[in-house]
Amino acid sequence: MNKGIVIALSSIGIAQALKIPLHYMKTKEWKPGLFVATGGMPSSHSAGVSSLTTYIALKRGVPSIDFALSVVFGLIVMYDAQGIRRQAGELTLKVNDLDELIDKIHEDDPVEYEEKAPDPLKEVLGHKPGEVLGGAALGILLGMAGYYLTKKG
């Protein structure tokens, strides 16, 4: 059994589960569907890569190639989570608003036009920087806990 994989996947699951009570504390709205949703606090992407990197640092040492690979790939994942995916989410908000704008323009239009309404695009794709940092902090704690709980003697 690869303990690093178990710790990283567990961290992702814990981060996803934490989104539900954190959202409730903020909005007083209970949304169990957040367990499988992207975006939000904390970032499960960050938690997963940070817990794995922390576990590797404690198990193999910071000078190891394993740690170097984990840091580089982890930084790429976290940058993508708050950068590119966040921008895609912002763009999606604009596209979804266009549909509403077109409806308003055509309210008084006498020309009959039938359009099948597509499902709105998913608007929360990425993370705010604080959500990424929150996931990273959670991941570091879970990586340390995983290492010490699975350490022999």
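How many salt bridges does the structure hold? I found one, taking a salt bridge as a side-chain nitrogen of Lys or Arg within 4 Å of a carboxyl oxygen of Asp or Glu. R60 makes it with D66, and the closest N and O atoms are 3.3 Å apart. I checked the cover on both partners, with buried meaning under 20% relative accessible area, exposed over 50% and partly exposed in between (1.4 Å probe, protein chains only). R60 counts as exposed because its relative accessibility is 57%. D66 has a relative accessible area of 29%, so it is partly exposed.

**Ground rules.** This is a predicted model, where local features need pLDDT of at least 70, side-chain atom pairs count only at pLDDT 80 or more, and totals for chains, interfaces and linings use all residues. Residues are numbered from 1 along each chain as its sequence is written, and side-chain values use heavy atoms, with hydrogens and water left out.

**Overall layout.** I looked up the elements as DSSP runs numbered from the N terminus (helices are H or I, at least four residues; strands are E, at least two). The chain has five helices and zero strands, so I noted the order simply as α-α-α-α-α from the N terminus on. Of the 153 residues in the chain, 32% are buried. For contacts (heavy atoms within 4.5 Å), I took those between residues at least 6 apart in sequence, and 76% of them join residues at least 24 apart.

**Rings.** I searched the whole structure and got three aromatic pairs. Rings of Phe, Tyr and Trp (its six-membered ring) pair if their centres lie within 6.5 Å; planes under 30 degrees apart count as stacked, over 60 as edge-to-face and the rest as tilted. Y24 and W30 are edge-to-face, at 5.8 Å centre to centre with 75° between the planes. Y24 is partly exposed because its relative accessibility is 35%, and W30 is exposed because its value is 55%. Y55 and Y147 are edge-to-face too, at 6.2 Å centre to centre and 65° between the planes. Y55 lies in helix α2 (residues 44-60) and Y147 in helix α5, so this pair ties together parts that are 92 residues apart in sequence. Both Y55 and Y147 are buried. I also noted that Y55, Y147 and Y148 form one aromatic cluster.

**Core.** Which residues make up the largest nonpolar core? I list V49, M78, A81, V132 and A136, five residues in all. The elements giving two or more residues to this core are α3 (65-82) and α5 (129-150). The core criterion is buried Ala, Val, Leu, Ile, Met, Phe, Trp, Tyr and Cys residues joined through side-chain atoms within 4.5 Å. Leaving aside neighbours within four places in sequence, I find A136 in contact with S46, A47, S50 and M78.

**Surface.** The accessible surface of the chain is about 10400 Å², and 66% of that belongs to carbon and sulfur atoms. Y24 and W30 turn up again here: with I14, L18, L22, M25 and M41 they form a nonpolar patch of about 660 Å² accessible area together. L18 sits in helix α1 (residues 3-27) and is partly exposed because its relative accessibility is 31%.

**Last look-up.** H45 is in helix α2. H45 and L9 are 36 residues apart in sequence and 9.9 Å apart in space, C-alpha to C-alpha.

Terms used:
Patches are made of residues with over 30% relative accessible area and no salt bridge: like charges are joined within 9 Å, nonpolar side chains (Val, Leu, Ile, Met, Phe, Trp, Tyr) within 5 Å. Accessible areas come from the Shrake-Rupley method with a 1.4 Å probe; for residues, only the protein chains shown count as cover.
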